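Dear colleague,

Please find below the structure that I am handing over to you.

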Amino acid sequence: ALVPMFKQAAGWAPYAGKGHWPNLDMIPIGKLSKRGPVGQERYSRFSPVEERTMMTLWCISRSPLILGGNLPENRPGDLALETNEEVLRVNQKGADSRQLSRDHGAIVWVSRMPGTKTWNIAFFNLLDTAQNVKLDLSALGITAEAPVRDLWIHKNLGNFSGSFMQAVLPHGSALFSVTAP
């Protein structure tokens, strides 16, 4: 189950750091069962949207990325989730990751990139319907116009001031970077 991992990650966030990372467990993406003795061959039961949400939570919370699928049988979508360099950088380099807000199924996580003015921002939607998720940029100390980049699709979204909002699919997520001027 993915939803309980949000509470678990938030509880561990204050203690995360070198030598003690929050382990959210293995990532069940890809071919998880080959053959016998238990059950049929099968891939993950998460939808592609939910798989991206899982990878986003694991990366922003800095959980170890322990893949549970049989890598030689990865589908293209599995491989894309597991090899996105911009997303993996959030997991490997982000600092001070934490849940910033949780309201009506909308969750915002942030972390900073050490030695830079860049923040990582993760939006999550736990609802069964799409919703807009919003971040007041002043919560990150950003009071002037700042560029936002979508890390999953490698696209600059433009400059934003005051707040940043994104529509997020049901059970979905989005991962961005924003750099203070």
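A residue is called buried when its relative accessible area is under 20%, and exposed when that area is over 50%. Please bear in mind throughout that this is a predicted model.

I begin with the aromatic rings. A search of the whole structure finds 5 aromatic pairs. One of them is formed by F6 and F124, whose ring centres are 4.9 Å apart. The planes of these two rings stand at 75 degrees, so the pair is edge-to-face, given that an angle over 60 degrees is counted in that way. The pair links distant parts of the chain: F6 belongs to helix α1 (residues 3–12), while F124 belongs to strand β5 (residues 118–125), and the two are 118 residues apart. With a relative accessible area of 0%, F6 is buried. F124 is likewise at 0% relative accessibility and therefore counts as buried.

A further aromatic pair is that of F123 and F176, which is also edge-to-face, with 5.5 Å from centre to centre and 65 degrees between the planes. F123 lies in strand β5 and F176 in strand β10 (residues 173–179), so this pair ties together parts that are 53 residues apart in sequence. F123 has a relative accessible area of 0% and is therefore buried; the value for F176 is 0% as well, so F176 is buried.

Which residues do ring pairs link into a cluster? The members are F123, F160, F164 and F176.

R62 is placed in the loop between α2 (48–61) and α3 (76–83). H104 is found in the loop between β3 (95–103) and β4 (106–112).

H104 has a relative accessibility of 66%, which is over the 50% cut-off, so H104 counts as exposed.

With kind regards

Note on methods:
Residues numbered from 1 in each chain as written. Predicted model: local features only at pLDDT ≥ 70, side-chain atom pairs only at ≥ 80, totals over all residues. Heavy atoms only, no water. Helix = DSSP H or I, 4+ residues; strand = E, 2+ residues; numbered from the N terminus. Buried < 20%, exposed > 50% of the residue type's maximum accessible area, 1.4 Å probe, protein only. Phe/Tyr/Trp six-rings, centres within 6.5 Å; stacked < 30°, edge-to-face > 60°.
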